[in-house]
Amino acid sequence: MQQSQKNGPAEKQELGPPIDIIETVVFGITRFRYWIVPFALIGLLIGLAVALIKPNTYTSSSKLWVEWGDRANLSAEQNLGMSRQGGSNKKAGFGMSEELQLIKTPEFFERIAREVGPEKLIAPIDPTRYDTPQTPVWVRWQHKFQDYWFNRGRKRDPEADVGLLNGDSSRALAGAVAMIRGGLKMRQSGSPNILGLTFKARSPELAQDVVEAATKVCLERHREIFAGRFKPEFVEAQLQEASQEARVASEEYSKHQKDCGFYDIAGQKTMLLNEQMALDDKIRENDLALDDAAETKAHLEAELAELPERVMKTFDKVEGPNPLYVELTGKAREYERQLATLPLEYPEGSDALERRQAALQAKLDAVNSQLADTPRIVELSSEHQEEIDNPERKEIQRKLRELELTKDKLLARDVKFHERRKEVEEELDALTACAPEHQAMEATIRKARQRAANFQSALDTREARILLDEDQDLQNMWVMLEATYNPQKTGPERMMNVLMGLAAGIAAGLAFGVFRQLIDSKLRYPSSVQKMLGVPVLGVIPEQRTWRRAANKIKHTGSPA
């Protein structure tokens, strides 16, 4: 039981004190509160920089009215069912989401880009185009900085964007399509029959042009979708053939993956290459450590050979309190104590009291006389020399033993690293041999699935229209609101960017203080000592400066008070 009680505090000390979240947060923020201001300033500067480099945006919008007629009220499945079941004309609901699914295709965005012109969409930004002498100076300076920031690459190499500014360039067209796909918003606006189009651009003219082109292409695309006519039986047969081909290719691909043991060629190759580079770095570090250990060992052995095994050590003279003086002092204090207690033992004025006091006083006088002739400090041992084992040799021998242990560990790690690197090289060779067939099977599966998706899209969309007149119900979409021109900017929210940067900086400063307090292993407070050892704190030793002040006071005044 006693043993377990003795081991209790030691076990708690090994485990460490529990973390008090509230104490950690409060002390961390208090100790490192001066770091919050630099972090807040950095966040403020970053938010200000982001606000400055963001260009102004302008918005244009238009609205289309869609009248759902007989053709739109029939789904593709019902149209196909009419041909197989003898002309059933059951109506089905068709809404704005289905209309958008049919219209928003890659071809739709490409046609808008060609209508507007890729060179116009990706032209360099000129923030200073609307500046006038009446424009505030700070706004003009901001626009000049934005002009430099947005066009710094083109100014360094003016010929770099010649291909991009060519309307026939595939790169320019791809960039324009990506810009329209990311910025054009098409959604139901209020009524179920109203389709709203909105686009944000860096100039009001460009926003209006894009919305006008999108409106035009929407009308054309709507007419094309509902004017198609082909036999669904052929499409269904092609869909089944493509689906069967995709299933067979997927089964062969799964079998091949199981046989070769690789399921993600690119990902596993990247992982193996990263591991190979990491192993090479570890092997180099290990070799450097071995070389350092060998060099250190040679240096220590040479130093050990030059040192003698035994050396002479000089022991200084030792002075200390005189034992006789200490003994006499104790006797004198005992006699004084006995003299002070005699009135309590004998009646006052009695002969026995006087005789006893005279005897004790004689003894005390004799001791004090002897103390006067006895020195307080005497020499306990004289200065002398002794031959001892050389401590420097012992230290070097200890270091050599540690070096041998370190060298053994490094050699074991070196063997382990080389074995693993050989395994990684073998896996990379197997992966390289398996990759061509792997990629060919993936291409076959993608091609088959793409064919199946194309045929399925032909059946799901309104392109499979049979037994319907080509002229019926095609003019059921028209422009309700032309593309607007709005010269007032709609973004960005620069003040919000600045405030977000400031808030992020303050949060980073608070987190920095809490993190520094969390990783601080020093015992700075009595509560931390009590939590770690599990015992109450009896007292706190003052700082060294307090000790020095007390010592100087005693030296000059002779009293600590």
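**Salt bridges, core and cysteines of a predicted model**

Glu395 is partly exposed, at 33% relative accessibility (buried means under 20% relative accessible area, exposed over 50%, and partly exposed in between, with a 1.4 Å probe and protein chains only). The structure is a predicted model, in which local features need pLDDT of at least 70, side-chain atom pairs count only at pLDDT 80 or more, and totals for chains, interfaces and linings use all residues. Residues are numbered from 1 along each chain as its sequence is written, and side-chain values use heavy atoms, with hydrogens and water left out.

Glu395 forms a salt bridge with Arg398, at 2.3 Å from N to O. A salt bridge here is a side-chain nitrogen of Lys or Arg within 4 Å of a carboxyl oxygen of Asp or Glu. The two residues are three apart in helix H16 (residues 391-460), so about one helical turn separates them. Helices (H or I, at least four residues) and strands (E, at least two) are DSSP runs, numbered from the N terminus. Arg398 is partly exposed, at 31%. Arg398 also meets Glu402 in a salt bridge, at 2.5 Å from N to O. Glu402 and Arg398 are four residues apart in H16, again about one helical turn. An α-helix has 3.6 residues a turn, so residues three or four places apart point the same way.

Helix H14 (residues 323-345) holds Lys331 and Glu327, four residues apart. Their salt bridge has its closest N and O atoms 3.9 Å apart. In the whole structure, 20 salt bridges are found. Glu107, Arg111, Glu220 and Arg221 are linked in a network of them.

The largest nonpolar core has 32 residues. Such a core is a set of buried Ala, Val, Leu, Ile, Met, Phe, Trp, Tyr and Cys residues joined through side-chain atoms within 4.5 Å. Phe108, Ile112, Leu121, Leu184 and Met186 have the most contacts inside this core. Elements giving two or more residues to the core include helix H6 (106-116), strand E2 (184-188) and helix H11 (204-225). H11 gives the most, with nine residues. Leaving aside neighbours within four places in sequence, Ile112 is in contact (heavy atoms within 4.5 Å) with Ile180, Leu184, Val210, Ala213, Ala214 and Val217.

The count of disulfides is zero, a disulfide being a pair of cysteine sulfur atoms within 2.5 Å. Cys260 is in no disulfide, and the nearest cysteine sulfur, that of Cys434, is 3.0 Å away. Cys260 is partly exposed, at 23% relative accessibility, whereas Cys434 is buried, at 8%.
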